[in-house]
Amino acid sequence: MAIRELKVCLLGDTGVGKSSIVCRFVQDHFDHNISPTIGASFLTKTVPFGHELHKFLIWDTAGQERFHSLAPMYYRGSAAAVIVYDITKLDSFQTLKKWVKELKEHGPEDIVVAIAGNKNDLGDIREVPMKEAKEFAESIAAIFIETSARNAVNVEELFQKISKQIPPLQNPEVESNESFKLTQQPPPSTRRCC
Amino acid sequence: MEGTGSPIAALSQSLPPQEVGPTPVNEEEGGGGGADQSPTPLASFEDETTSSSFSSFSSFSSSDVDQPLQTESPSPPEPQPDRTDSTSDGEPCARSWAAPGPKLCGYLDKRGGPLRAWKRRWFVYEEKKSQLFYYRTSQDVTPLGRLNLGSATFTFPLKGEEGSFHIQTPERTYILKAINQETMMYWLQQLQMRRWQYRELLSGGAVSQPASSDTTNNNNNFKDFLPMVKSPQGLVGEEAASQAPPPRTGLANMSIKHPLIEFQNSFHNLLAKHSSQEFSQSVFHVESAPPWTPPSQAADMSPTLQTSPIFPTPSTPSTPSLPLAEPAGQRPLEDGRKSPAVLNTLNSRRSKSRGTMSNIRRETSSADRISRLQQEKDMLGEEVKSQKELVWLLHKALEASQLEKRTCAEFLAAEGEQQRLEVLRHRERQAADLRSRLDDLKTQTEGLRRSLAERDSQVADLQENVDMLTEKNHAKQEVILKISDQLATCMANPQRKVSTSIGLQAQTCSLLQEENENLKDDIAAYKMQNKFLNSEIYQLTKLWRKSSEQEKSLMVKCAYLEASSCQKESRYLGVLQRLQENKTLDPAQRGVVRKLIEDALQGDLTTSVKQASLSYTLLDHDDYGFKILPDYEAEDMKLLAKIQALEIRSHNLLYQDAGDRPLLGRWSQYLASRSDGELCPSPELKNLLRAGIPREYRQQVWRWIVRARTLTIREQHPNRYKQLCDKSLTSPHPASRQILLDLHRTLTTNKHFSAPSSPALQKLQRILLAFSWQNPTIGYCQGLNRLAAVSLLVLQDEEDAFWCLVAVVEVIMPLDYYTKNLVASQADQRVLKDFMAEKLPRLTAHFEEHTIDVSLITFNWFLVGFVENLPSDLLLRVWDAFLYEGTKVLFRYTLALFKYKEEDILKIHDNVEIYQYLRFFTKTVTDGRKLTSIAFTMMNPFPGKILRNRRALHLERLQGELRELEEQQKEFISGSVVRKDKDLDTLLSEDEEEL
Ligand SMILES: Nc1nc2c(ncn2[C@@H]2O[C@H](COP(=O)(O)OP(=O)(O)OP(=O)(O)O)[C@@H](O)[C@H]2O)c(=O)[nH]1
Ligand SMILES: [Mg+2]
C-alpha cells in the first residue's frame with residue numbers, strides 16, 4: 001500500500017481550538033486547558049484512504065498575531081491548510097479572512113484550503129452564522145465544515161475531505177513565492193512501504 | 001509448648017487459636033472507660049508494625065485475653081520456656097522464673113470486672129514478647145491475662161487514687177494501681193525502659209547486651225525528666241511474692257470470670273505442696289474440725305477462722321459458776337485433757353510435713369517451728385489460767401460446804417426435839433429478822449440511790465449552766481477582743497467600712513490560703529506528671545524516629561530495586577526495538593517480536609509504576625509542582641518514548657538526592673561566607689550557578705540576581721508594581737483579553753496551576769496584567785505566561801516574580817524579542833544555525849541532507865526559555881545560569897542538547913521521523929550533569945562578542961527582508977483590489993475542473 005505524506009498546517013486566531021482539533025484527530029482526546037501553542041507543534045497521523053495510506057504531517061501553529069510572521073515556515077510546502085475560526089467569536093472569522101488572503105499571496109499555489117468553524121457545540125452563543133461562513137468558503141472554493149473538538153464532531157471528516165481533495169499522485173510544481181529564505185521543504189512525496 | 005505440666009494447658013493446644021480469637025469478649029478484668037470495652041479487630045496495630053515472627057501470636061494478643069474461653073489456653077503457642085520446667089518440678093513458677101536482668105514483677109491492683117473494683121494481681125514482665133502477665137497470686141501457674149507492651153503507652157492520672165496509672169495498648173487501656181506513688185513511678189519507668197529494650201531487640205536484631213547498655217542510656221535520658229526511682233524494697237521484684245501475699249480467700253479478689261484458672265491454680269498449689277503453714281493447717285483442719293466447724297467452713301482455708309476452734313475459750317468454764325454444777329466443772333478438765341492430745345497430733349503432722357519439706361524450705365520451717373512453739377506456749381498459758389479459775393471455784397464451793405457442815409453439826413448437837421425446835425425457831429427468827437433488815441436496807445439503798453440520781457442530775461444541770469456561762473463569757477470576751485481590734489484598726493484607718501471588709505478579707509484570705517495550698521499540691525502533682533509525660537514523649541519520639549528511619553531505608557531500597565527493574569525493562573525494550581529493525585528475521589519471528597512489543601506497551605507506565613511503588617506516589621510531582629514523568633503522545637514513537645521514560649525513572653530513582661549533596665555543601669559554604677543579600681558577581685558564583693542552585697537556596701539566590709538586574713528601574717520607581725496593578729485594573733491594556741484567555745492554559749501539568757481557583761493563577765494574572773503596562777509595546781506575548789509562572793513557582797512572592805519577568809524580558813533578552821513580528825527571536829534562530837554549523841558540523845550536514853529546519857523546533861525553546869521543553873529540574877538549572885549570564889546560556893544548552901543526542905539523531909534518516917524525534921527528545925534528557933558539562937566545557941570557547949556581532953548582522957538582514965515584504969504586500973494590496981474578482985473566478989473554475 002502506498003503511503004502518502006501530506007503536510008498540513010493549521011492556521012487561525014489564538015484560542016479557536018487548532019491544537020484541540022489536532023489533539024482530537026491524533027489522540028482522540030480533548031483537554032480543556034491545553035497550553036497555547038508557541039511557535040508551532042508537529043504531530044503525525046496516518047489514515048487509510050482508498051488504496052492509499054495518508055500520513056498527515058500536521059504543523060499546528062501559534063495563533064497570536066505576532067507569530068504570523070513565522071507562519072510561512074509552516075505553510076510552505078503544505079499540501080493543505082486548515083484555517084480554523086471559532087463560531088462564537090466574530091473576530092476569529094475576520095482573522096480567518098486575513099489568512100485566506102495571505103495564503104493566496106504567499107502560499108503554495110495548489111494548496112487545499114479547508115475552513116473549520118470550531119466549537120460547534122457552543123451553538124447557543126454563536127456569532128458567526130453558518131450560512132455566511134459557508135458562502136464565504138464557497139466563494140474561495142474552500143472546504144467548509146463545522147467541527148467540535150470537544151465533542152469529536154466532524155474532526156475526522158475534516159481530514160477525510162482534505163484527503164479527497166488531494167489529487168492522486170500528481171507532480172505538483174515547486175512553489176516559488178517565498179518570503180523567508182529558509183530551507184526548502186520537499187513537495188509532498190510518495191514512497192513505498194516495505 | 002512441649003512438656004507443659006498443666007493438663008488443661010495441654011488441652012488448649014488442641015484448640016486452634018482462630019477459634020479462640022473471635023469469641024465475644026466478656027469483660028471481667030475489663031479496664032476503665034468505654035474505649036476499652038470494644039475488642040479490637042484481629043488485624044491489630046501489632047500486625048502491621050512488628051516482624052512476621054510475631055504474627056503467629058497476634059491473633060491472641062489482639063483479642064482480649066480476659067475472655068473466659070481463652071482461659072483454656074492460658075499461655076501463647078510459644079510459652080516462656082523457663083516456665084515449662086518450673087511446672088514440671090512442682091516449684092511455684094512465678095518465682096523460679098529465670099529471665100535475664102532484674103526481674104520485674106510485683107503485686108499491683110488492677111481495676112476491672114463488672115464492679116470496676118480493684119483486684120490485687122501478681123504482675124510479671126516477660127522480656128521476649130514484651131508482655132506483662134498477671135496472675136492471681138505469685139504462686140499461680142496460669143496467668144489471668146496479659147498486656148502487650150510493645151506498642152503501649154503509659155501515663156498516670158493526676159486526680160486518681162494514689163499510685164494508679166494507665167497502660168494504653170492499641171486494644172484497650174488498663175488501669176493499675178501500685179501500693180504508693182513511688183512504686184508506681186518505679187513501675188512506669190521500668191516499663192518504659194523495657195519497652196525500649198524490646199523495640200531495640202526487635203529492630204536491631206543483634207543486641208548483645210541490651211540490658212546494661214540501654215539502661216545506662218536510659219538513665220541518662222531520665223536525668224532530663226525524672227530521676228530513676230529506686231526499686232521500692234519488698235514491693236516489687238521476686239521478694240514481693242513472699243512478703244506481700246494477697247489474702248488468699250478474699251472473695252472480692254477472686255477472678256469471677258476465671259473459675260477455671262482459679263481452680264487450676266488451687267489445684268496446682270495442692271500438687272506443688274506449698275509448704276506454707278496455713279496450707280498444712282488447713283489440711284489438718286479438714287480432717288479434725290468436724291466437732292466444731294460446719295462442713296461448709298471446713299473447706300474454707302482462712303487462717304483466722306481456723307484458729308478459733310482450736311483453742312478452748314475461757315468462756316466455757318465460766319458458765320457453770322454455781323458450786324454444785326459438777327458436770328460443768330468437769331468439762332473444762334476434759335477439754336484441757338483433750339487439747340494436748342490435739343496438739344500432739346498437730347505436732348506430729350507438722351513434724352511430718354516438716355520432714356518432707358525440710359529439703360526445700362529449711363528456713364521457712366524453722367520459722368514455722370518457732371511460731372508453732374509460740375502458739376503452743378500460748379495455748380498452755382491459756383490452760384493454766386483456766387485451771388486456776390477452776391481451783392478458785394472449788395475453793396468457794398469448799399467454803400460453802402464447810403459452813404453448811406458447821407450448822408449441821410450445831411443442829412445435830414442439840415438434845416431433844418424441843419431444843420432442836422428451839423434452835424430451828426431461833427434460826428428462823430434470826431432469818432426473818434435478817435430478811436426484814438435486808439428489805440429495809442434494800443429500800444433505804446433504793447431511796448438513797450434515787451436521791452443520788454437526783455443530785456447527780458442537779459449537778460449536771462448546774463455544770464451545764466456553768467458551761468453555758470463560761471461559754472458566754474468566752475464569746476463576750478471574743479467580741480470584746482474583736483471590737484477592740486476593730487477599734488484599733490479603726491483608729492489606724494478612719495474608714496469604718498474597711499474594717500468590716502478587713503474581717504471579710506481575713507476570712508477570704510484564709511480561704512484563699514487554703515485554696516492556695518491545694519493549688520500548690522496540684523502544681524506539684526502536675527509537675528510530676530509533666531515530667532513523666534515528657535519522658536514518655538521523648539521515648540515515643542525516639543521510637544517513632546527509629547521506625548521512620550527504618551521506613552526510609554526501606555524506601556531507598558525499594559527505589560533502588562525499582563530503578564534496576566526500570567533499567568532492565570528499558571534494556572529489554574531496547575533489544576526488542578533492535579529486533580524489530582532487524583530485517584533478516586522471518587515473518588514468524590517478526591510476529592513474535594511485534595506481539596512482545598505490543599505487550600510491553602500495553603502496561604500503562606504510570607499506573608503500573610504507581611501501583612508498584614510507594615515512593616512514586618510521593619514523587620508524582622517535584623518540589624515545584626511539576627509532574628515528574630512527561631506524557632508522550634507521539635504515535636510512532638511509543639516504544640522509544642517508553643524506553644526514555646523508564647530511563648528517566650531509573651535515573652531519578654537512583655540519583656534522587658545523592659548527586660546534589662556535595663553541591664549543597666558547596667553552596668551552603670559559599671552563602672555562609674557572605675552576609676545575606678550581599679552576593680557579588682564572581683567567577684566562583686558563576687561556576688556554582690552553572691552547576692545549579694540547590695532547592696534550599698534557589699529562591700534566595702534568584703531574588704538576589706533579579707534584584708541586581710532590576711536595581712535601577714526599581715530605585716527610580718519604588719512603588720512600581722503596586723501602581724501598575726492599579727493601572728491595569730482601572731484601564732486594562734488591550735492585551736488583557738489574551739492574558740485572561742491564556743491564564744488557565746499555563747503550565748497545566750503543574751499542580752500549582754492546574755486548579756482553576758488556585759491562588760497562583762490569581763497572582764499570575766496580576767503579574768501579567770501589570771507587565772502589560774510595564775512594557776506597553778510588548779503588552780503580552782504568548783509565552784510570557786510561562787516565564788512568569790516559573791518565576792512565581794521559584795520566588796513565591798508575587799512582586800519578586802514580576803520583577804523576575806521584567807528582568808528576563810527587558811534586561812536579559814535582546815530588544816524586540818517579544819514585540820510585533822518577534823524579529824529579534826527570528827534573528828537568534830539564524831545565529832543559532834551559524835553556531836550549529838560551527839560546533840556541530842556533522843549534525844548540520846545531516847539536517848541539511850534531510851531538509852530539516854531546526855528553527856521550527858528551537859524557536860520556542862528560546863522564546864520561553866525552555867519552559868515546558870525540559871524536565872523541571874534541568875529547566876531550573878538552566879535558568880539558574882540563564883538569569884545570571886544571560887541568553888548565551890540558551891545557546892549553550894541548545895547546542896548541548898543536540899550534542900547530547902547527536903548519535904541518536906544521526907541514526908534517523910527520515911525527515912518526518914527526525915522532526916518527531918526533535919519535538920520531544922529534550923524531555924528525555926536524564927543526565928543533567930552531563931548536559932551541563934557539555935554546555936559549559938564542550939561548547940567552549942563561546943565569546944559573547946561573536947554572539948553580539950552575529951546578532952546584529954542577522955537582525956539587520958531580517959529587518960531588511962521584512963521591509964521588502966511589507967513593500968511587496970502594499971503592492972499586492974493595491975493590485976489585488978483590481979484582480980480580486982478575477983482571482984476568485986479562476987479559483988472557482990479550477991476547482992470545478994478538478995472535480
Ligand atoms: N467548547 C469547546 N471548546 C473548545 C473546543 N475546541 C477547543 N476549545 C477550547 O478552546 C480553548 C483554546 O483551544 P486551543 O486548542 O488551545 O486553541 P488554539 O487555536 O490552539 O490556540 P493557540 O495555540 O493559542 O493558537 C481551549 O480552552 C479549549 O478547551 C470545542 O470544540 N468546543
Ligand atoms: Mg494551539
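Predicted model: local features only at pLDDT ≥ 70, side-chain atom pairs only at ≥ 80, totals over all residues.
**Stop 1: the interface of chain A and chain B**

Colour the two chains separately and select the residues of each that touch the other. The selection holds 46 residues of chain A and 51 residues of chain B. The size of an interface is often given as the accessible area lost when the parts come together. For chain A and chain B, that buried area is about 4400 Å², and carbon and sulfur atoms give 55% of it. Which elements of chain A supply at least two residues each to the side that touches chain B? They are β2 (40-49), β3 (52-61), α2 (71-75), α3 (90-106) and α4 (130-139). Select β2(A) among these, as it gives the most, with 7 residues. By type, the side of chain A that touches chain B divides into 17 nonpolar, 20 polar and 9 charged residues. A search for salt bridges across this interface returns 0.

**Stop 2: the magnesium ion**

Select ligand 2, the magnesium ion, and show the side chains around it. Its protein donors are OG of A:S19 and OG1 of A:T37, lying 1.9 Å from the ion. A:S19 belongs to helix α1 (residues 18-27) of chain A, while A:T37 sits in the loop between α1 and β2, so the pair ties together parts that are 18 residues apart in sequence.

**Stop 3: helix α1 of chain A**

Of its 10 residues, 9 are buried, so the helix is largely enclosed by the rest of the structure. The buried residues run through A:K18, A:S19, A:S20, A:I21, A:V22, A:C23, A:R24, A:F25 and A:V26. To see what covers them, show the other elements of chain A: the cover includes the strands β1 (2-12), β2, β3, β4 (80-86) and β5 (112-118), together with helix α5 (155-165). Then step past the end of the helix to A:D28, which follows α1(A) and has a positive phi, near 50°.

**Stop 4: B:N750**

Move to chain B and select B:N750, in the loop between α28 (736-743) and α29 (751-754). At 0% relative accessibility, B:N750 is buried. What does its side chain reach? One of its polar atoms lies 2.9 Å from the backbone oxygen of B:Y624. Leaving aside residues up to four places away in sequence, B:N750 touches B:Y624, B:G625, B:F626 and B:L793.

**Stop 5: backbone geometry in chain B**

Most residues other than glycine have a negative phi, and most peptide bonds are trans. The last selections show exceptions.

- Select B:F866 in the loop between α35 (855-863) and α36 (872-885) of chain B. Its phi is positive, near 70°, and B:F866 is buried, with a relative accessible area of 0%.
- Select B:E868, also in the loop between α35 and α36 of chain B. Phi of B:E868 is positive as well, near 70°, but B:E868 is partly exposed, with a relative accessible area of 23%.
- Select B:N940 and B:P941, which are joined by a cis peptide bond with omega about -5°. B:P941 lies in the loop between α40 (928-938) and α41 (944-994) of chain B.

Conventions
Residues numbered from 1 in each chain as written. Chains lettered and ligands numbered in written order. Heavy atoms only, no water. Contact = heavy atoms within 4.5 Å. Buried area = accessible area lost by both parts, 1.4 Å probe. Salt bridge = Lys/Arg side-chain N within 4 Å of Asp/Glu carboxyl O. Helix = DSSP H or I, 4+ residues; strand = E, 2+ residues; numbered from the N terminus. Nonpolar A, V, L, I, M, F, W, Y, C, P; charged D, E, K, R; others polar. Donors = N, O, S within 2.8 Å, 3.2 Å for Na, K, Ca; no water. Buried < 20%, exposed > 50% of the residue type's maximum accessible area, 1.4 Å probe, protein only. Polar contact = N/O pair within 3.5 Å; in protein donor to acceptor, adjacent residues only side chain to side chain.
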